[in-house]
Amino acid sequence: MTASTDVVRLLLAEDQAMVRGALATLLNLEDDLAVVAEVGRGDEVLEAAKAADVQVALLDIEMPGMSGLDAADALHRALPEVRIIILTTFGRPGFLRRAMESGASAFLVKDAPVAELVAAIRKVLRGERVIDPDLAAAALAAGENPLTPRERDVLGACTDGSTIADVARRLHLSEGTVRNYLSACIQKTAARNRTEAIRAAQQRGWL
């Protein structure tokens, strides 16, 4: 990284423009922080981070184009030196686990005071991890995500109402294999059908 060590260069990814603008204004009030890139889509995160030479990326989870968790994974793989902070209104244990697996250094809920976010930015730059304590406790209580990565792929591909044939073509699987994965997802989520399995997985942050 070639960014100055005096001012921390931040990327802010949030699809709600008013929220993004307000947060950027508050962060820019800090002498040692500067929001140098703002995006409203998850699939814009990586290129914006490269172009602005950022040091810390603050990512919302729910964004069009790509989720903040998937954006975090892509960013961490391409620019592992960039620290990632996940900000979310969805305090789901499964999201916390996925965030950590995606290379995030911090996971905070949006209603936390700005002072906590500022402190978290400084901590992650020192190599520390910052996790909302309530979410950490909930994640421990909830246990591991029972869905395998491939099961998540298949169940996630069904969220837009795609048929089994559609999912099979998209994921280059046989229809029988897709049915088997969906059956496993239904069983693991204690659901009666794939619609309920999708809802249960989303509510737990497994999808």
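Visitor: Hi! Is C185 buried or exposed?
Guide: C185 counts as buried, because its relative accessibility is 0%. Buried means under 20% relative accessible area, exposed over 50% and partly exposed in between, with a 1.4 Å probe and protein chains only.

Visitor: Before I go on, what am I looking at?
Guide: This is a predicted model, where local features need pLDDT of at least 70 and side-chain atom pairs count only at pLDDT 80 or more, while totals for chains, interfaces and linings use all residues. Residues are numbered from 1 along each chain as its sequence is written, and side-chain values use heavy atoms, with hydrogens and water left out.

Visitor: Back to C185. Which cysteine sulfur is closest to its own?
Guide: That of C158, at 8.2 Å, which is too far for a bond. A disulfide here is a pair of cysteine sulfur atoms within 2.5 Å. By this rule the count comes to 0 disulfides.

Visitor: And C158, buried or exposed?
Guide: C158 counts as buried, because its relative accessibility is 5%.

Visitor: Switching to helices: how do α7 and α9 cross?
Guide: The axes of α7 (residues 149-157) and α9 (residues 175-188) come within 9 Å and cross at roughly 100°. So α7 is roughly perpendicular to α9; that label covers 65 to 115 degrees, with under 35 roughly parallel, over 145 roughly antiparallel and the rest oblique. Axes are lines fitted to C-alpha atoms, for helices over the stretch in contact, with angles from 0 to 180 degrees between N-to-C directions. Helices (H or I, at least four residues) and strands (E, at least two) are DSSP runs, numbered from the N terminus.

Visitor: Which residues meet there?
Guide: R150, E151, V154 and L155 in α7 meet V178, Y181, L182, A184, C185 and K188 in α9, where contact means heavy atoms within 4.5 Å.

Visitor: Now the sheet. What's the strand order?
Guide: It is an open sheet of 6 strands, β2-β1-β3-β4-β5-β6, with parallel pairing. Two strands pair if DSSP finds at least two bridges between them. At the edges, β2 (33-39) and β6 (130-131) each pair on one side only.

Visitor: How many bridges does β4 make with β3?
Guide: β3 and β4 run parallel and are joined by 5 bridges, and L58 has I85 in β4 as its bridge partner. Another 4 bridges join β4 (residues 83-88) to β5 (residues 106-109), where L87 is partnered by L108.

Visitor: How many residues of β4 are buried?
Guide: 5 of its 6, so β4 is mostly covered. Helix α3 (residues 68-78) lies across β3 and β4, running at about 180° to β4.
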